[in-house]
Amino acid sequence: MLLPTLVRALRTPRLGWILLIEIATLAFLWGTASWLPSYLLQARHFSAAQTGWLAALPFTVSLGSGLLGGLFIDRVPQRHLPLVLVVGSVGAGACATLAVSATSATVSATALILAGGFWGLQGPAIPTLVQRHAPAGSVGSAYGVVNGVGNLVSAFMPTLMGTAIAMDGGHGFAAGLSLLVVTQLITLVSAVVLLLRHRGPHAGQGRPLPSTGPAVQSAGQATSTAL
């Protein structure tokens with residue numbers, strides 16, 4: 001039973017685009033976590049104490065923005081779900097660009113904090129996309145594939161950023177942090193494609209979830225009828 005489930009998971013519609021979003025989202029996370037403290041300390045000349053709490057703020061802000069992203073997803077039609085990815089990627093990419101190009105250290109740090117907030121918006125969309133598109137009975141396996149491959153590929157992001165920083169002697173951290181912008185461009189393109197191709201299967205709409213008994217299915221049908 002394991003192999004057929006995995007095969008169904010790998011046949012999830014739009015799996016490639018969802019996987020690209022997962023890779024780009026995690027790459028932004030690993031790249032920021034690895035290089036943000038060094039950037040603030042060496043390029044923007046914050047003190048060690050200031051660098052400590054400034055580096056933590058983007059991830060703290062992302063906790064709240066992740067909740068906002070989830071609330072948005074729960075209140076819009078499923079075909080509009082990729083909109084949260086569009087907004088998040090445009091905002092995070094624009095803020096990361098501002099952080100690199102700003103002459104003021106304060107503006108740069110503020111932009112990076114906001115970039116973390118926009119990045120956090122995107123988090124709830126990925127498992128929701130998998131649930132929407134994956135065939136019945138293979139949602140967990142599909143997300144396991146997406147998350148596993150996403151972590152494996154995105155783990156190289158800190159190395160890529162370090163290589164870019166080392167090669168770009170004239171601009172310091174600019175080339176490395178620019179790769180963060182590239183991740184958001186990938187997310188944006190993938191989200192737009194998903195938005196235009198919204199006629200995929202809808203998990204939880206018109207079909208019972210796995211392992212639900214007759215009573216639960218009847219209750220779900222009654223709820224759908226009432227809505």
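I looked up what covers the buried residues of α5, where buried means under 20% relative accessible area, exposed over 50% and partly exposed in between (1.4 Å probe, protein chains only). The cover includes α2 (15-43), α3 (48-74), α4 (83-101), α6 (125-133) and α9 (174-196). Contact here is heavy atoms within 4.5 Å. Helices are DSSP runs (H or I, at least four residues), numbered from the N terminus.

The model is predicted: local features need pLDDT of at least 70, side-chain atom pairs count only at pLDDT 80 or more, and totals for chains, interfaces and linings use all residues. Residues are numbered from 1 along each chain as its sequence is written, and side-chain values use heavy atoms, without hydrogens and water.

I then listed the buried residues of α5; among them are S108, A109, L112, W119 and Q122. I checked the length of α5 (residues 105-122). Its 18 residues should span 26 Å at 1.5 Å a residue, counting one less than the number of residues. The end C-alpha atoms are 27 Å apart, which agrees. At the N-terminal end of α5, S104 is the cap: a side-chain oxygen lies 3.3 Å from the backbone nitrogen of T106.

Next I took α6. Its buried residues are A125, I126, L129, V130, R132 and H133. They cover an arc of only 160° around the axis, so they sit on the same side of α6. I note that the arc uses directions from the helix axis to the C-beta atoms. These residues pack against α2, α3, α4, α5, α7 (139-154) and α9.

Last, I looked at S89 in α4. S89 is buried, at 2% relative accessible area. Beyond its neighbours within four places in sequence, S89 contacts Q122, Q184, T187 and L188.

Conventions
Helix = DSSP H or I, 4+ residues; strand = E, 2+ residues; numbered from the N terminus. Polar contact = N/O pair within 3.5 Å; in protein donor to acceptor, adjacent residues only side chain to side chain.
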